[in-house]
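Biologist: Can you walk me through this one? I'd like to know what sits where.

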Amino acid sequence: KRAEELAAAHLPPVTTDGQHIEVVANIGGLDEARQGVELGGEGVGLLRSEFLYLDRNDAPSEQEQTQIYGDIAKALGTSRTLVIRTLDVGGDKPLPYLPMPPEENPFLGVRGIRLCLAEPDILRTQVRAILRAAPFSKLHIMFPMIANLEELRAAKAIVLEEKAALGINAEVKVGIMVEVPATAILAEQFAREADFFSIGTNDLTQYTLAMDRGHPKLAKQADALHPGVLNLIALTVQGAHKHGKWVGVCGGIASDPQAVPALIGMGVDELSVSVPSIPAIKALVRKLNKADCEKVAAEVLQMGTAAEVRARLSKLAEG
Ligand code: PEP
Ligand code: MG
């Protein structure tokens, strides 16, 4: 089966009724960018830029960041999408060179975009380095943990200011991660001001179900196929499409073959998956019929438990 998937890895992920679903990679650096292309990835839907900042004693310089984002963009080329997520640390992922007061609830604290807006110099430096990669791929900048429109506006203003200051004319799309329930609920309002959405189902599940995503005892219950989470994904897609914006899913659920038909049926445009999953997810998309997926999605959105959803979707996988 794996050999079959690999042979077909460079065929386009189009459903049997002709809907192209972009299949891209979640990466942490240059090696994975190259592997993703080799395995047929159509681009990168999530570059977790934290890897540049963690495990060191000082912040990476603008020059260092420019080099690495440029190398990754060049590895993809101008025909492929590259979504670079700005620094997503804070809370449980502290930086030694950015002392922060301890927090009782780090997942509910100053993390993601909140930290970057509190430390705008860090964000500005990163944004300048990212923008310099614009000529080498289809560049997208994405902000994590957006909970308020004000955050999006402030972060976007920084991008526009730095872009003007650098004299960069290339188009750079600016989008957000949907990881906070309020943002999914207000997707339509956000879609007026963001160029695209990528749903981070790992955090969205954690915040929707009020279950720590790393809790060993809750791992089974903290299922992104909980209908509460699925209904937020559906709302996000509806809000985005009303304003002609695309929606990806970059949480772990995008790499789950059981979930993919439901995601496609809800109208998700892009699946950003772990690098090794690319061939299998592309092969799966090519077997699915979007109209059938829509019927299944409508069914599971009415269900009451993740177990029911999984039972229905596994029946589908059996054919
Ligand atoms: C997510 O929350 O689903 C996500 C993709 O981001 P991360 O796993 O890096 O928090
Ligand atoms: Mg997240």
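Modeller: Let's start with a term: a residue is buried if 20 or more other C-beta atoms lie within 10 Å of its own, exposed if 12 or fewer, and partly exposed in between, with C-beta atoms placed from the backbone. Helices (H or I, at least four residues) and strands (E, at least two) are DSSP runs, numbered from the N terminus. This is a predicted model, where local features need pLDDT of at least 70, side-chain atom pairs count only at pLDDT 80 or more, and totals for chains, interfaces and linings use all residues. Residues are numbered from 1 along each chain as its sequence is written, while chains are lettered from A and ligands numbered from 1 in the order in which they are written.

Biologist: OK. What is the mean pLDDT of the protein?

Modeller: The mean is 96, and 99% of the residues reach 70 or more. pLDDT is the predictor's confidence in each residue, from 0 to 100. For the complex, the predictor gives an ipTM of 0.99 and a pTM of 0.97.

Biologist: And where is confidence lowest and highest?

Modeller: Lowest in helix α1 (residues 2-7), at a mean of 85, and highest in strand β6 (residues 196-199), at 99.

Biologist: Now the ligand. Which residues surround ligand 1?

Modeller: The shell is made of Leu46, Arg48, Asp88, Glu179, Gly200, Thr201, Asn202, Asp203, Cys250 and Gly251. A residue is near a molecule or strand if its C-beta atom, placed from the backbone, lies within 6 Å of it.

Biologist: Which element gives the largest share of that shell?

Modeller: α9, with three residues.

Biologist: How many of the shell residues are nonpolar, polar and charged?

Modeller: Two are nonpolar, four polar and four charged. In that count Ala, Val, Leu, Ile, Met, Phe, Trp, Tyr, Cys and Pro are nonpolar, Asp, Glu, Lys and Arg are charged, and the others, Gly among them, are polar.

Biologist: Let's do the strands. Why is β3 largely enclosed?

Modeller: Because five of the five residues of β3 are buried. Thr81, Val83 and Arg85 point one way, Leu82 and Ile84 the other way, and all are buried. In a regular strand the side chains alternate between the two faces of the sheet.

Biologist: Which strands pair with β3?

Modeller: β2 pairs with β3 in the parallel sense over four bridges, and β3 (residues 81-85) pairs with β4, also parallel, over five bridges. Pairing here needs at least two bridges found by DSSP between the strands. Ile84 in β3 stands opposite Leu47, and Ile84 has Ile141 as its bridge partner in β4.

Biologist: How many residues of β4 are buried?

Modeller: Six of its six. Lys138, His140 and Met142 are on one side and Leu139, Ile141 and Phe143 on the other. β4 also runs parallel to strand β5 (residues 173-178), joined by four bridges, with His140 opposite Lys173.

Biologist: What about β8?

Modeller: Strand β8 (residues 270-274) has four of its five residues buried, so it is largely enclosed by the rest of the structure. Five bridges join β8 to strand β1 (residues 22-27), running parallel, and Asn26 stands opposite Ser274. Strand β7 (residues 246-249) pairs with β8 in the parallel sense over two bridges, where Gly248 has Glu270 as its partner.

Biologist: Which residues touch the most other members of the largest nonpolar core?

Modeller: Val44, Ile176, Leu263 and Leu271, out of 99 residues in that core. Helix α10 (residues 227-242) gives the most to this core, with seven residues. By a nonpolar core I mean a set of buried Ala, Val, Leu, Ile, Met, Phe, Trp, Tyr and Cys residues joined through C-beta atoms within 7 Å.

Biologist: What is Leu271 in contact with, leaving aside neighbours within four places in sequence?

Modeller: Ile21, Val23, Gly248, Val249, Ala254, Val260, Leu263 and Ile281. Contact means C-beta atoms, placed from the backbone, within 7 Å.

Biologist: Is Met145 buried or exposed?

Modeller: Met145 is buried, because 24 other C-beta atoms lie within 10 Å. Met145 lies in the loop between β4 (138-143) and α6 (149-166). Ala210, in the loop between α9 and α10, counts as exposed, with 8 C-beta neighbours inside 10 Å.

Definitions and conventions
Two residues are in contact if their C-beta atoms, placed from the backbone, lie within 7 Å.
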